[in-house]
Amino acid sequence: MKPLPIAVFVLCVCSAGAQVSITNSDMVGAGDSVRVSYAASTGTADYTVFGPNYLWDFSQLAPYAQQVMRYDQPSAFPFTSMATVAHVNLSPDSIPGLGIIPSDFTDYYKGSSSSFRQVGSSFLYPQVINFPIPVIYSSSDHIYNFPLDYPDHDTSDAAWSFNAQSFGLFYIGETIHRESAVDGWGTLITPFGTFQCLRQVSYVTKV
């Protein structure tokens, strides 16, 4: 499968013009929320450029739709793993091999001094099973490794599987390979404020 590139600006409030270092204390926690905005066009802003002490000016972006992603304690959801926070996925992938998008798809994350990683998921597949299906990763997907600095490079391999053959149903699973690089740092301007940031690009291959 073709790797999917994902560029993320990791924000930190600090002195202007200083190169930032991201740690687990900068990550989301239970009770936090993130407003996700969708823009029809980036206009003249070029999100593909990167480098040290760069200014990304997205101040002219105008959202046509917004959603709020809320993070909560894992105990608030059906699947309570060794996670730190959990949230309902706004745009889940289809289930490999079945080609359907489940409902109530929830992602579970664990933060520590060394990393912020996804440790599992849960979803509903009401056409077959009328209770939440837990998926525990046999190896975690490391979204960020700490401290996160420019110009870090990291790789991560994760996997999960679910065997419902005992119910006469199906076996599904997935392997995830992630290659991440912090290719820039500087200042990010948005319609909601100005922030010091790192830019991390991840290439994610799922099979």
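These legends go with several close-up views of a predicted model.

Local features need pLDDT of at least 70 and side-chain atom pairs count only at pLDDT 80 or more, while totals for chains, interfaces and linings use all residues. Residues are numbered from 1 along each chain as its sequence is written, and side-chain values use heavy atoms, leaving out hydrogens and water.

**View 1. Serine 156 in strand 9.** Strand 9 covers residues 153–163 and holds serine 156 (strands are DSSP E runs of at least two residues, numbered from the N terminus). Serine 156 counts as buried because its relative accessibility is 6% (buried means under 20% relative accessible area, with a 1.4 Å probe and protein chains only). A polar atom of its side chain sits 3.0 Å from the backbone nitrogen of histidine 142. Beyond neighbours within four places in sequence, serine 156 has contacts that include Ser140, Asp141 and Ile176 (contact means heavy atoms within 4.5 Å).

**View 2. Strand 10 and its partners.** Strand 10 runs antiparallel to strand 9, with 11 bridges, and alanine 159 has threonine 175 as its bridge partner (strands pair if DSSP finds at least two bridges between them). Strand 11 (residues 193–206) is also antiparallel to strand 10, through 14 bridges; here alanine 181 partners valine 201. Strands 10 and 11 make a hairpin with 2 residues between them.

**View 3. The parallel pairing.** Strand 3 (residues 54–57) runs parallel to strand 10, joined by 4 bridges. Aspartate 57 is opposite isoleucine 189 of strand 10.

Conventions: Buried means under 20% relative accessible area, exposed over 50%, partly exposed in between (1.4 Å probe, protein chains only). A polar contact is a pair of N or O atoms within 3.5 Å; within protein, one must be able to donate a hydrogen and the other to accept it, and residues adjacent in sequence count only if both atoms are side-chain atoms.
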